[in-house]
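Subject: Structure handover

Hello,

Here is the structure for your files. My notes on salt bridges and pockets follow below.

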Amino acid sequence: MNDLAISPWLQALILGVVEGLTEFLPISSTGHLILIGSLIGFHGEKAKLFDVAIQTGAMFAVIWYYRERLLRAFRGSIGASFFGMVCEESERALSWRLLLNVLTAFMPAVVLGLLFGSAIKRYLFNPIPVALAFVVGGFIILWAEARAASDQHPIRIENIDRISGLDALKLGLMQCFALIPGTSRSGATIIGGMFLGLSRKAATEFSFFLAIPTLIGAGLYDIYKYRALLSWDDLPMFAIGLTTAFFSALVVVHWLIQFVAKHSFVAFAWYRIVFGALVLIT
(Lines give C-alpha, C1' and ligand atoms only; values in the text may rest on other atoms or scores of the structure.)
Protein backbone atom coordinates (compact mmCIF):
# COMPACT_ATOMS: atom_id res chain seq x y z
CA MET A 1 0.00 0.00 0.00
CA ASN A 2 1.22 3.51 -0.82
CA ASP A 3 1.02 6.19 1.84
CA LEU A 4 -1.33 9.08 1.14
CA ALA A 5 0.08 12.52 1.97
CA ILE A 6 -2.49 14.09 4.35
CA SER A 7 -2.16 16.24 7.46
CA PRO A 8 -1.93 14.69 10.95
CA TRP A 9 -5.21 16.34 11.99
CA LEU A 10 -7.03 14.85 9.02
CA GLN A 11 -5.45 11.48 9.81
CA ALA A 12 -6.76 11.78 13.37
CA LEU A 13 -10.22 12.68 12.10
CA ILE A 14 -10.35 9.71 9.73
CA LEU A 15 -9.07 7.25 12.32
CA GLY A 16 -11.42 8.60 15.00
CA VAL A 17 -14.43 8.00 12.77
CA VAL A 18 -13.14 4.54 11.84
CA GLU A 19 -12.65 3.67 15.53
CA GLY A 20 -16.13 4.79 16.51
CA LEU A 21 -17.83 3.02 13.63
CA THR A 22 -16.03 -0.29 14.16
CA GLU A 23 -15.34 -0.65 17.92
CA PHE A 24 -18.66 -2.29 18.80
CA LEU A 25 -19.22 -4.18 15.56
CA PRO A 26 -17.75 -7.68 15.13
CA ILE A 27 -15.33 -6.47 12.47
CA SER A 28 -12.29 -5.39 14.57
CA SER A 29 -11.64 -1.72 15.20
CA THR A 30 -7.92 -2.35 15.78
CA GLY A 31 -7.66 -4.22 12.50
CA HIS A 32 -9.29 -1.37 10.62
CA LEU A 33 -7.10 1.22 12.35
CA ILE A 34 -3.95 -0.71 11.42
CA LEU A 35 -5.01 -1.16 7.80
CA ILE A 36 -6.32 2.39 7.30
CA GLY A 37 -3.30 3.79 9.15
CA SER A 38 -1.02 1.87 6.82
CA LEU A 39 -2.86 3.32 3.84
CA ILE A 40 -2.74 6.96 4.96
CA GLY A 41 0.82 6.83 6.26
CA PHE A 42 0.01 6.77 9.97
CA HIS A 43 2.19 4.08 11.52
CA GLY A 44 4.98 3.61 14.02
CA GLU A 45 5.02 3.47 17.83
CA LYS A 46 3.03 6.67 18.29
CA ALA A 47 0.38 5.42 15.87
CA LYS A 48 -0.04 2.24 17.95
CA LEU A 49 -0.48 4.38 21.06
CA PHE A 50 -2.97 6.62 19.27
CA ASP A 51 -5.02 3.61 18.12
CA VAL A 52 -5.39 2.40 21.71
CA ALA A 53 -5.95 5.85 23.23
CA ILE A 54 -8.87 6.84 20.99
CA GLN A 55 -10.74 3.69 21.99
CA THR A 56 -11.46 5.61 25.19
CA GLY A 57 -13.63 7.95 23.15
CA ALA A 58 -15.76 5.02 21.99
CA MET A 59 -15.96 3.78 25.58
CA PHE A 60 -17.35 7.13 26.76
CA ALA A 61 -20.12 6.69 24.19
CA VAL A 62 -21.20 3.51 26.01
CA ILE A 63 -21.09 5.28 29.38
CA TRP A 64 -23.24 8.09 28.01
CA TYR A 65 -25.72 5.75 26.32
CA TYR A 66 -26.15 3.58 29.44
CA ARG A 67 -25.64 6.40 31.95
CA GLU A 68 -28.96 5.85 33.75
CA ARG A 69 -28.48 2.11 34.07
CA LEU A 70 -24.87 2.49 35.18
CA LEU A 71 -25.89 5.04 37.80
CA ARG A 72 -28.59 2.70 39.12
CA ALA A 73 -26.09 -0.15 39.24
CA PHE A 74 -23.55 1.99 41.08
CA ARG A 75 -26.09 3.23 43.61
CA GLY A 76 -27.53 -0.21 44.17
CA SER A 77 -24.15 -1.87 44.58
CA ILE A 78 -22.77 0.42 47.29
CA GLY A 79 -26.01 0.52 49.27
CA ALA A 80 -29.09 2.68 49.35
CA SER A 81 -28.40 4.23 52.75
CA PHE A 82 -25.38 6.13 51.44
CA PHE A 83 -27.59 7.97 48.94
CA GLY A 84 -30.57 8.32 51.26
CA MET A 85 -32.90 6.31 49.05
CA VAL A 86 -34.84 3.08 49.23
CA CYS A 87 -33.53 0.25 47.09
CA GLU A 88 -35.06 -3.21 46.92
CA GLU A 89 -32.83 -6.14 47.86
CA SER A 90 -33.30 -7.73 44.44
CA GLU A 91 -32.16 -4.55 42.68
CA ARG A 92 -29.01 -4.39 44.82
CA ALA A 93 -28.30 -8.04 44.11
CA LEU A 94 -28.61 -7.51 40.36
CA SER A 95 -26.39 -4.42 40.56
CA TRP A 96 -23.70 -6.32 42.42
CA ARG A 97 -23.95 -9.23 39.99
CA LEU A 98 -23.49 -6.98 36.95
CA LEU A 99 -20.47 -5.18 38.42
CA LEU A 100 -18.84 -8.39 39.67
CA ASN A 101 -19.47 -10.14 36.34
CA VAL A 102 -17.88 -7.28 34.41
CA LEU A 103 -14.88 -7.30 36.75
CA THR A 104 -14.57 -11.09 36.47
CA ALA A 105 -14.72 -10.98 32.68
CA PHE A 106 -12.18 -8.14 32.59
CA MET A 107 -9.42 -9.91 34.53
CA PRO A 108 -8.27 -12.57 31.98
CA ALA A 109 -7.48 -9.91 29.38
CA VAL A 110 -5.52 -7.94 31.99
CA VAL A 111 -3.33 -10.92 32.82
CA LEU A 112 -2.70 -12.05 29.25
CA GLY A 113 -2.35 -8.49 28.00
CA LEU A 114 0.39 -7.74 30.51
CA LEU A 115 2.18 -10.99 29.69
CA PHE A 116 1.98 -10.91 25.90
CA GLY A 117 0.92 -7.39 24.89
CA SER A 118 4.34 -6.17 23.80
CA ALA A 119 5.06 -9.29 21.74
CA ILE A 120 1.66 -9.09 20.06
CA LYS A 121 2.19 -5.46 19.06
CA ARG A 122 5.66 -6.24 17.77
CA TYR A 123 4.75 -9.19 15.55
CA LEU A 124 1.02 -9.00 14.78
CA PHE A 125 0.25 -5.28 14.35
CA ASN A 126 0.77 -5.53 10.59
CA PRO A 127 -1.63 -5.76 7.64
CA ILE A 128 -1.05 -9.44 6.76
CA PRO A 129 -1.79 -10.95 10.22
CA VAL A 130 -4.76 -8.60 10.54
CA ALA A 131 -6.18 -9.62 7.17
CA LEU A 132 -5.82 -13.32 8.03
CA ALA A 133 -7.65 -12.72 11.34
CA PHE A 134 -10.41 -10.94 9.41
CA VAL A 135 -11.00 -13.96 7.19
CA VAL A 136 -10.80 -16.57 9.94
CA GLY A 137 -13.09 -14.51 12.18
CA GLY A 138 -15.63 -14.20 9.38
CA PHE A 139 -15.91 -17.96 9.03
CA ILE A 140 -16.24 -18.35 12.81
CA ILE A 141 -19.18 -15.91 12.77
CA LEU A 142 -20.84 -17.94 10.01
CA TRP A 143 -20.34 -21.07 12.09
CA ALA A 144 -21.85 -19.38 15.18
CA GLU A 145 -24.88 -18.17 13.24
CA ALA A 146 -25.48 -21.59 11.68
CA ARG A 147 -25.23 -23.13 15.15
CA ALA A 148 -27.64 -20.57 16.61
CA ALA A 149 -30.17 -21.26 13.84
CA SER A 150 -30.33 -24.96 14.72
CA ASP A 151 -32.73 -26.34 17.32
CA GLN A 152 -29.92 -28.30 18.97
CA HIS A 153 -28.48 -25.24 20.73
CA PRO A 154 -31.30 -23.25 22.39
CA ILE A 155 -30.71 -19.89 24.04
CA ARG A 156 -30.41 -20.24 27.82
CA ILE A 157 -29.67 -16.60 28.78
CA GLU A 158 -31.97 -13.91 27.39
CA ASN A 159 -30.66 -10.89 29.34
CA ILE A 160 -27.46 -9.90 31.13
CA ASP A 161 -29.05 -10.10 34.59
CA ARG A 162 -29.05 -13.90 34.21
CA ILE A 163 -25.33 -14.22 33.50
CA SER A 164 -23.55 -16.22 36.22
CA GLY A 165 -20.02 -15.70 37.51
CA LEU A 166 -18.83 -18.74 35.57
CA ASP A 167 -20.45 -17.40 32.38
CA ALA A 168 -18.68 -14.07 32.97
CA LEU A 169 -15.31 -15.81 33.35
CA LYS A 170 -15.88 -17.73 30.12
CA LEU A 171 -16.81 -14.49 28.32
CA GLY A 172 -13.63 -12.92 29.66
CA LEU A 173 -11.59 -15.78 28.23
CA MET A 174 -13.37 -15.31 24.90
CA GLN A 175 -12.40 -11.63 24.95
CA CYS A 176 -8.74 -12.65 25.21
CA PHE A 177 -8.83 -13.79 21.58
CA ALA A 178 -9.19 -10.09 20.72
CA LEU A 179 -5.58 -9.55 21.79
CA ILE A 180 -4.87 -10.79 18.25
CA PRO A 181 -5.45 -7.70 16.06
CA GLY A 182 -8.14 -8.23 13.47
CA THR A 183 -10.13 -10.56 15.72
CA SER A 184 -12.44 -7.88 17.20
CA ARG A 185 -13.00 -7.42 20.92
CA SER A 186 -16.74 -7.03 20.54
CA GLY A 187 -16.84 -9.89 18.04
CA ALA A 188 -14.98 -12.20 20.40
CA THR A 189 -17.34 -11.48 23.30
CA ILE A 190 -20.57 -11.38 21.28
CA ILE A 191 -19.91 -14.46 19.17
CA GLY A 192 -18.30 -16.20 22.15
CA GLY A 193 -21.41 -15.39 24.15
CA MET A 194 -23.60 -16.95 21.47
CA PHE A 195 -21.52 -20.13 21.67
CA LEU A 196 -22.12 -20.08 25.45
CA GLY A 197 -25.90 -19.84 24.99
CA LEU A 198 -26.49 -16.08 25.31
CA SER A 199 -28.97 -14.34 23.07
CA ARG A 200 -27.53 -11.84 20.59
CA LYS A 201 -28.96 -8.95 22.61
CA ALA A 202 -27.58 -10.21 25.95
CA ALA A 203 -24.15 -10.92 24.45
CA THR A 204 -24.07 -7.51 22.74
CA GLU A 205 -25.07 -5.56 25.85
CA PHE A 206 -22.57 -7.40 28.04
CA SER A 207 -19.90 -6.66 25.44
CA PHE A 208 -20.77 -2.95 25.79
CA PHE A 209 -20.40 -3.02 29.58
CA LEU A 210 -17.19 -5.06 29.40
CA ALA A 211 -15.75 -2.45 27.03
CA ILE A 212 -15.74 0.16 29.81
CA PRO A 213 -12.96 -1.25 32.04
CA THR A 214 -11.21 -2.91 29.10
CA LEU A 215 -10.82 0.22 27.00
CA ILE A 216 -10.13 2.49 29.96
CA GLY A 217 -7.47 0.12 31.27
CA ALA A 218 -5.81 -0.39 27.89
CA GLY A 219 -5.79 3.33 27.12
CA LEU A 220 -4.39 4.46 30.47
CA TYR A 221 -1.80 1.67 30.54
CA ASP A 222 -0.48 2.44 27.06
CA ILE A 223 -0.43 6.19 27.65
CA TYR A 224 1.58 5.68 30.83
CA LYS A 225 3.88 3.08 29.29
CA TYR A 226 4.66 5.12 26.17
CA ARG A 227 4.38 8.60 27.73
CA ALA A 228 7.91 9.42 26.55
CA LEU A 229 6.60 9.41 22.96
CA LEU A 230 4.08 12.16 23.66
CA SER A 231 4.37 15.92 23.68
CA TRP A 232 1.93 18.80 24.09
CA ASP A 233 1.95 19.20 20.31
CA ASP A 234 0.12 15.85 20.08
CA LEU A 235 -2.83 17.08 22.18
CA PRO A 236 -4.95 18.47 19.28
CA MET A 237 -4.50 15.27 17.28
CA PHE A 238 -5.55 13.06 20.21
CA ALA A 239 -8.47 15.37 21.03
CA ILE A 240 -9.77 15.14 17.45
CA GLY A 241 -9.48 11.35 17.48
CA LEU A 242 -11.24 10.98 20.85
CA THR A 243 -14.06 13.36 19.94
CA THR A 244 -14.84 11.85 16.57
CA ALA A 245 -14.62 8.33 18.04
CA PHE A 246 -17.15 9.31 20.73
CA PHE A 247 -19.79 10.68 18.37
CA SER A 248 -19.48 7.99 15.72
CA ALA A 249 -19.55 5.24 18.38
CA LEU A 250 -22.66 6.75 19.96
CA VAL A 251 -24.49 6.34 16.66
CA VAL A 252 -23.31 2.74 16.29
CA VAL A 253 -24.27 1.70 19.85
CA HIS A 254 -27.83 2.96 19.40
CA TRP A 255 -28.14 1.35 15.96
CA LEU A 256 -26.61 -1.98 16.93
CA ILE A 257 -29.02 -2.60 19.82
CA GLN A 258 -31.90 -2.19 17.36
CA PHE A 259 -30.16 -4.28 14.71
CA VAL A 260 -29.42 -7.38 16.79
CA ALA A 261 -33.06 -7.68 17.82
CA LYS A 262 -34.04 -8.54 14.25
CA HIS A 263 -30.92 -9.56 12.31
CA SER A 264 -27.99 -11.96 12.44
CA PHE A 265 -24.30 -11.12 12.05
CA VAL A 266 -23.95 -12.95 8.74
CA ALA A 267 -23.51 -9.70 6.78
CA PHE A 268 -20.58 -8.74 9.04
CA ALA A 269 -19.05 -12.19 8.52
CA TRP A 270 -19.02 -11.81 4.74
CA TYR A 271 -17.71 -8.25 5.06
CA ARG A 272 -14.78 -9.57 7.09
CA ILE A 273 -14.04 -12.34 4.61
CA VAL A 274 -14.21 -10.11 1.53
CA PHE A 275 -12.31 -7.22 3.12
CA GLY A 276 -9.59 -9.49 4.49
CA ALA A 277 -9.22 -11.27 1.14
CA LEU A 278 -8.90 -7.94 -0.69
CA VAL A 279 -6.13 -6.83 1.66
CA LEU A 280 -4.28 -10.11 1.15
CA ILE A 281 -4.59 -9.78 -2.63
CA THR A 282 -3.37 -6.16 -2.71
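How many salt bridges does a search of the whole structure find? The search finds seven. A salt bridge here is a side-chain nitrogen of Lys or Arg within 4 Å of a carboxyl oxygen of Asp or Glu.

Some ground rules. This is a predicted model, where local features need pLDDT of at least 70 and side-chain atom pairs count only at pLDDT 80 or more, while totals for chains, interfaces and linings use all residues. Residues are numbered from 1 along each chain as its sequence is written, and side-chain values use heavy atoms, with hydrogens and water left out.

Salt bridges

D222 pairs with K121, with the closest N and O atoms 2.2 Å apart. D222 is in helix α11 and K121 in helix α7, so the bridge ties together parts 101 residues apart in sequence. Helices are DSSP runs (H or I, at least four residues), numbered from the N terminus. Both D222 and K121 are buried. Buried means under 20% relative accessible area, exposed over 50%, and partly exposed in between (1.4 Å probe, protein chains only).

E145 meets R200 at 2.4 Å, N to O. E145 sits in helix α8 and R200 in helix α11, 55 residues apart. E145 is buried at 6% relative accessible area, whereas R200 is partly exposed at 24%. A network of salt bridges with shared partners joins R69, D161, K201 and E205.

Within that network, D161 and R69 meet at 3.5 Å, N to O. D161 is in the loop between α8 and α9, R69 in helix α5, 92 residues apart.

Pockets

A pocket is an open set of points on a 1 Å grid over the protein atoms alone, where a 1.4 Å probe fits, with protein on both sides within 12 Å along at least five of seven lines; lining residues have an atom within 4 Å of a point. Volume is the space filled by probe spheres set on the points, which are joined across faces, edges and corners.

The largest pocket has a volume of about 780 Å³. Its lining has 35 residues, with V52, G113, L179, T214 and A218 nearest the centre. Helix α7 gives the largest share, nine residues.

The second largest pocket has a volume of about 330 Å³. It is lined by 17 residues, and G137, I140, F177, T183 and A188 lie nearest its centre. Helices α8 and α10 each supply at least two lining residues.

Best wishes
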